[in-house]
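Trainee: I would like to go through this structure step by step. May I ask some questions about helix packing, the ligand and the backbone?

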Amino acid sequence: MAVSNIRYGAGVTKEVGMDLQNMGAKNVCLMTDKNLSQLPPVQVVMNSLVKNGINFKVYDNVRVEPTDTSFMEAIEFAKKGAFDAYVAVGGGSTIDTCKAANLYSSSPRSEFLDYVNAPIGKGKPVSVPLKPLIAVPTTSGTGSETTGVAIFDYEQLKVKTGIASRAIKPTLGLIDPLHTLHMPDRVVANSGFDVLCHALESYTALPYHLRSPCPSNPISRPAYQGSNPISDIWAVHALQIVAKYLKRYVTQQGIETEQKKCDPPSCKMCLVLECPEWDCPLEAWSVDIEECHWKGQEGCHGMSYPISGLVKTYKAKDYNVDHPLVPHGLSVVLTSPAVFTFTAEMFPERHLETAKILGADIRTARTQDAGLVLADTLRKFLFELNVDDGLAALGYSTADIPALVRGTLPQERVTKLAPRPQSEEDLSALFEASMKLY
Ligand SMILES: NC(=O)c1ccc[n+]([C@@H]2O[C@H](COP(=O)([O-])OP(=O)(O)OC[C@H]3O[C@@H](n4cnc5c(N)ncnc54)[C@H](O)[C@@H]3O)[C@@H](O)[C@H]2O)c1
Ligand SMILES: [Fe+2]
C-alpha cells in the first residue's frame, strides 16, 4: 500500500511557508485559477510565503476543467521560471495543471503525448525526478492532492484523458477545512458526486485478482487495480459520509458561517477525523489516501469523459468561468442509474449494500432487482439535490450517442475495471437511458 502525505487541520494552510523553507525552496511557483486568486485560500498562502521570506511567482491562468492547451501554457510558464518547488491552491483543475507543469518542466525534451495515457498518448513511465509540489485543495471531492493523476480535455478528440504516474503525486497535501466555507453550493454538490461515484465504482469494480493484464514489472502495473479489501473499507466509509452530509449541506441553503463551522457539512466529504474543537467528526478532503486502493473507476467515469469533452453550450451554475462547462462530478453522476442497473448482475449483493447505505429499504428487495433498487435510490438522491434531468438537460440528444460512444472506447484504463464488459451497443443503450433521469 503506497500512502500519500497529508496534513490536516483548520488553518493548516498558514504552515505552507514553513514547509517550503524546510525544503530549502528558493524560487516557488504558486498556481491557481483566476476566481480563486481573489479569494482567501490564495491570500493565506501568499501571506505565509511572504512571512517566511519565500520568493514566488503566481500563475493564475489555470483553466477550470483544463485542456491540453491550458496544460501547455502552464508548462511553458514553469519551464521559463526554472522553479525549485510548486504550490497548487485550488480544486482538481489547479492541482492537475500543476502536476503537469512540474512533470514536463522536469523533462523538457519530452513531447506532450509521451506521458499521456495510451491509446491516446504513449503512456511512457516517468523516470525523471520532479520538484516538490505542495497541494492545497479548496474543493472536497477529487482527492487530487493525493493522486498520481492529472486529467485534461484533449481538444483534438474532444475527450478527456490524463497522465497517470505515481511520480506526479504531490509531495504533501495541506488539507484545510476552512477553505470549504467559500465553496459555492453547486461546486460542493458536484465534487460530492465525484466522491459518490468513485465509491460506488470502487466497491462494485472487478476484484483485483480478476483484472488483466497483470504486468510482471511493478512499474507497469496500473494505478487502478480493481476492488480490494482496502478500497472496500474506504468506499463504504465514503458512501456513508456522502449519505450523511452531502444532502444536508446542499439542501440547508443559507446556514450561517458560524453554524457551518461547528456542523461539518461545510467540511463535507472524506476521511472522518476527530475534530476536538468542534466536538464532531470532521471530514477532510482526502477521500483517497491513495487512489489505487480505494478509488476505482469504471463505467460512470469512462462515460463521463466524452460527456465533458463534447460539451456544446451548457454552462454550469455557480462556476465562475467564461466557457461552456460540464463539471466533472456532474458528468459522472448522470449516467450512474443506468450504469449500475447494467453492472448489478455481476455483484448484486454489493449493489444492494450500497443502496442501503444511501437510504434504501432493502429488506424485501430481491437479488435480481439489485440494479433497479440502486438506480431508484440514486435517482431520488439526485432529484433531491436538484441535479439536471439527464444528458438531455445538458444539450445532448440521441444524435450525439455515436460520438459519446466513440469517446468512451479509448478509456480502457477505467472501463476495463467494470464488472461487466460493455459492447458498443451496450454503451449506446447506457447513454440513451441517461438522457432523462426523472
Ligand atoms: N487528479 C485526480 O485524481 C482527479 C480526480 C477527480 C477529478 N479530477 C479533475 O478535477 C477537475 C475538477 O476539480 P474540482 O471539482 O475540484 O473543481 P475545479 O478545480 O474545477 O474548480 C471548480 C470551480 O470552483 C471554484 N472553487 C474551487 N474551490 C473554491 C473555494 N474554496 N471557494 C470558492 N470557489 C472555489 C474554482 O475557482 C472553479 O471555478 C476536473 O478536471 C476533473 O477531471 C482530477
Ligand atoms: Fe472522478
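Predicted model: local features only at pLDDT ≥ 70, side-chain atom pairs only at ≥ 80, totals over all residues.

Trainee: Are α9 and α14 parallel, antiparallel, perpendicular or oblique to each other?

Mentor: Two packed helices are described by the angle between their axes and the distance between the axes. For α9 (residues 299-309) and α14 (residues 401-408), the axes are 8 Å apart and the angle is about 125 degrees. Roughly perpendicular covers 65 to 115 degrees, and roughly antiparallel needs over 145. The two helices α9 and α14 are therefore oblique.

Trainee: Which hand does the crossing of α9 and α14 have?

Mentor: The handedness is a separate description from the angle. Where α9 passes α14, the crossing is right-handed.

Trainee: Which element gives the largest share of the shell around ligand 1?

Mentor: The shell around ligand 1 has 34 residues, and the closest are G91, G92, S93, T139 and H182. Elements that give two or more residues are α4 (92-106), β6 (149-154) and α5 (185-204). The largest share is four residues, and the element is α4.

Trainee: Which domains each give at least three residues to the shell around ligand 1?

Mentor: By class, this shell has 12 nonpolar, 18 polar and four charged residues. At least three residues come from each of domain 1 (6-181) and domain 2 (183-433).

Trainee: Where is P119, and is the peptide bond from A118 to P119 cis or trans?

Mentor: P119 lies in the loop between α4 and β5 (133-137). Omega for the bond from A118 is near 5 degrees, and the bond is cis.

Notes:
Residues numbered from 1 in each chain as written. Chains lettered and ligands numbered in written order. Near = placed C-beta within 6 Å. Nonpolar A, V, L, I, M, F, W, Y, C, P; charged D, E, K, R; others polar. Domains from an automatic or database assignment. Axes fitted to C-alpha atoms, helices over the stretch in contact; angles between N-to-C directions. Parallel < 35°, antiparallel > 145°, perpendicular 65-115°, else oblique. Left-handed = near helix turned anticlockwise from the far one by under 90°.
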